[in-house]
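Hello,

Below is the structure I said I would pass on. My notes on it follow.

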Amino acid sequence: MKFDDRLFQHTYANGLTLVADHMPWLHSAAFSIAIPAGCKLDPADRFGLCNLSCELAFRETESLSSRELVETLDLLGCDYYSSTSVMCTYFGGSLPAIHLAQALAVYADVVRNPKLSPAWLEEARLSCLQEVESLEDDLPSRVMSRLRMMEYGDPWGRVTEGTTESLQQITLDEIRKFVFDQYAPQGTIIAVAGQFDFESLRDLIGSLFGDWKNPATTAGGPTSLATAELEPHMEFPSKQTHIGLAWPGEPYDSDDWFRSRCAVGVLSDGMSSRLFREVRERRGLCYSVMASCHAIPGRGSCFGYCGTTTDAAQQALDVMIAEITRLKEGITPQELARLKVQVRSGLIMQQESCRSRVGTMISDWLLLGRLRPVDEPGRRIAALTVEQINSYVSDHPAGPFNLVTLGETPLGLTGAIPTTQA
Amino acid sequence: MQYRQHKLDNGLTILAECNDLAHFLSLGFFVRTGARDETPDTGGVSHFLEHMVFKGTATKSSDEVNLLLDDMGSSSNARTSEESTIYHASILPEFQAPMVGLLADLMRPALRDEDFETEKKVIIEEIMMYDDQPPWGGYERLMQDYFGPHHLGQSVLGSVETVTGLTAEAMRNYHASRYSPDNMAVVVSGKTDFESLIRDTEQLCGSWPSQSAGRDTRPAIPHPGLTTMVREEAHLQYLMHLAPGPSVDAEDRYAARLLCMILGDTSGSRVFWEMLDTGLAESAGIGGYEYHGTGLIMSYFCSLPDKANQNTAILHRILESAVEGVTERELEIARQKVVSQILLSSERTGSRMFSVGGQWLNGHTFRTPAGIADLYRQVTLEQVNDVARRWPLSTGRTLSSGPQGDLAWPG
């Protein structure tokens, strides 16, 4: 499979960047406009401002009513979305490639000319309030949200949805100011993957966004707060105890990222992985157990999750901790060989999904500041030796741990487990 | 793209959509068995068996099976529903033969007693996991209450009680009767060597005896009414409604799916404009479930508890007013969305395998994505409006789950 000559990038005079992955074997295309207007910019008493702004912006533009906007995208066959994260606000979709230009024109209107009308404010607010309450009913999300805040602190551990109280405070003027200040070409990335002609695409984006200017100074940076002391246990009458664990990992742009990624892969990738085998297969302590790597700019962490009935929960946690800390003793050549073939397969399978490629390009751009060649992760992992990984895990034993649990009874990190908790 | 099929003497079907331009293949064993083929006292056995299949064969332990799957870098999994059990893997072409060999072997699992008891704990954990997720077992309860004694009311997971009571012997009997080659298909999509696939399957599965596994497909009789599950600690109220709809064989199923899209798609539908765009509901939708002999149309929403009465009234009105007809523009938007979805999913090798296998499970003649898209394009406004008149969507059974205990379904 050919990986070279697929990636393109172009930066326009106004600071907007286009990144693109040409996948000519597809008949579809996907795109995402990532504006650096994430919830890290929300003022401390206005959590959810970024999310509510995004919700309101997508409802109406100066030229398209709400119904016209949605019907136009539906008629283009566009599976569209808008969302927010700590770093960005995203508007995007996937659709038959022949309709890409028309969809991008609609999105240029959304991003540049949102009406932010008072007529829709309460509807948008109500939607956001329902999202907040929906997260409360999602027990694993509650655990992982608190764990992220404990691990990263504010603002990187924030939940983009905000709180019921803070959402109620937000005014239309504040939304307009947020959009006016933060929806700007400087730092915005438009990522496109799928079937297109790059020169035409570059010119199209230029014509749609090239004269986009933001008269405001895009003031605002992370409004970091001291992290409140968070309780590691949430008492709740649930059937299972939900366990979240975090421990230090590697930043995405670190040379050690791939070694850390392989170590976590040995824990969690595949049915022969250590956590699956020891917690579920051999002991029957859970249905769901996993670990993964996550990164924010300049920092990375590893996160683990397990859902298990109350009686089995302490044992499940103990086995998880035992396996995670045992990593320092090293991995086997067979484990690395399996990881390498999994990575190679995964890379090839990802080539069917332009949507997935768009997500990867944006992550790479935000966390590396560059596009990573499509086959680079595969090449880097293929080049790793057991010795290189074992020296890494030996030098970086897992810990200290943050632990969050939700369920009927709290759990503890037993034995000499390093923890950041008092 | 070339569609190929072959049948072994013992009835095992082999289907492939061969695509030389693909870089990998998806391969699955599709078994026409699921929760509806169980007896009440073996509730959950189909799904439990799906887990036990990975616990090893006469010659392989559970650890060895997992290592072999990972050695091939496979993205593998299994799923059980009311009517089917599917074991599938996506792999690089070089692993076609060993993966066929492994999955064929797994279809004749050891079902060892000690593995059975360990895995039973995992199944109970899975039941508990779903009990912790909205609507907290509400879907299973609604299906049970709607279908009454009909086999489609059987929960796929079973209950803690039925799973606890299951024996390895009962599972062996179920396996012997249901995993008969005439009730199974090997389905492949992507870069496939079809001749080798036939040869390997013949060698591995050709000696399996055929049991003529059947299925009771009598139509269901709906049990109307309201079920209320009070859960005080919930933050949102969840409501689901089941009404009769077309079965897998019904000619009007395409028109019915378009009607559901017009009324209840997550974008641009009547439900969207009245319940989602207004912010009244956190989520809402209407969609069809087709089974052999019977079909369902499910409507649902979840919302803040103090909006639940209002949402219930709106959803009921949308379902009732369907008989007044939809517009040509609504139909055109729905057609465009469906055709686009078909195009997007047809690019994924895995979804092609599920499409080919799904058509076999339903007893349909194979159609290409373009052929299926044409069927949607040919649906007329009159046909959609006929469906709305034929299937009274607001009748049937409702379940409410959440803090509010007095939610009522109008009518």
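Which helix of chain A does Arg259(A) lie in? Arg259(A) is part of helix 9 of chain A, which covers residues 257–268. Please keep in mind that this is a predicted model.

Is Arg259(A) buried or exposed? Its relative accessibility is 18%, so Arg259(A) counts as buried, the cut-off for that being under 20%. The side chain of Arg259(A) makes a polar contact of 3.4 Å with the side chain of Ser391(A). Apart from neighbours within four places in sequence, the residues in contact with Arg259(A) are Leu384(A), Gln388(A), Ile389(A), Ser391(A) and Tyr392(A).

Next, a pair of helices. Helix 2 (residues 66–75) and helix 3 (residues 100–112) of chain A have axes that come within 10 Å and cross at roughly 150 degrees. Because of that angle, helix 2 of chain A is roughly antiparallel to helix 3 of chain A; angles over 145 degrees count as such. The crossing of helix 2 past helix 3 of chain A is left-handed. On the helix 2 side, Leu69(A), Thr72(A) and Leu73(A) meet Val106(A), Tyr107(A) and Val110(A) of helix 3. Of the residues in this contact between helix 2 and helix 3 of chain A, five are nonpolar, one is polar and none is charged.

Last, helix 7 of chain A, residues 172–182. Its buried residues are Leu172(A), Ile175(A), Phe178(A), Val179(A), Asp181(A) and Gln182(A). What do the buried residues of helix 7 of chain A pack against? They pack against strand 3 (28–35), helix 1 (49–57) and helix 4 (118–136) of chain A.

Regards

Note on methods. Residues are numbered from 1 along each chain as its sequence is written. Chains are lettered from A and ligands numbered from 1 in the order in which they are written. This is a predicted model: local features need pLDDT of at least 70, side-chain atom pairs count only at pLDDT 80 or more; totals for chains, interfaces and linings use all residues. Side-chain values use heavy atoms; hydrogens and water are left out. Buried means under 20% relative accessible area, exposed over 50%, partly exposed in between (1.4 Å probe, protein chains only). Helices (H or I, at least four residues) and strands (E, at least two) are DSSP runs, numbered from the N terminus. Contact means heavy atoms within 4.5 Å. Axes are lines fitted to C-alpha atoms, for helices over the stretch in contact, and angles run from 0 to 180 degrees between N-to-C directions. Angles under 35 degrees count as roughly parallel, over 145 as roughly antiparallel, 65 to 115 as roughly perpendicular and the rest as oblique. A crossing is left-handed if the near helix is turned anticlockwise from the far one by less than a right angle, and right-handed if clockwise. Ala, Val, Leu, Ile, Met, Phe, Trp, Tyr, Cys and Pro count as nonpolar, Asp, Glu, Lys and Arg as charged, and the others, Gly among them, as polar. A polar contact is a pair of N or O atoms within 3.5 Å; within protein, one must be able to donate a hydrogen and the other to accept it, and residues adjacent in sequence count only if both atoms are side-chain atoms.
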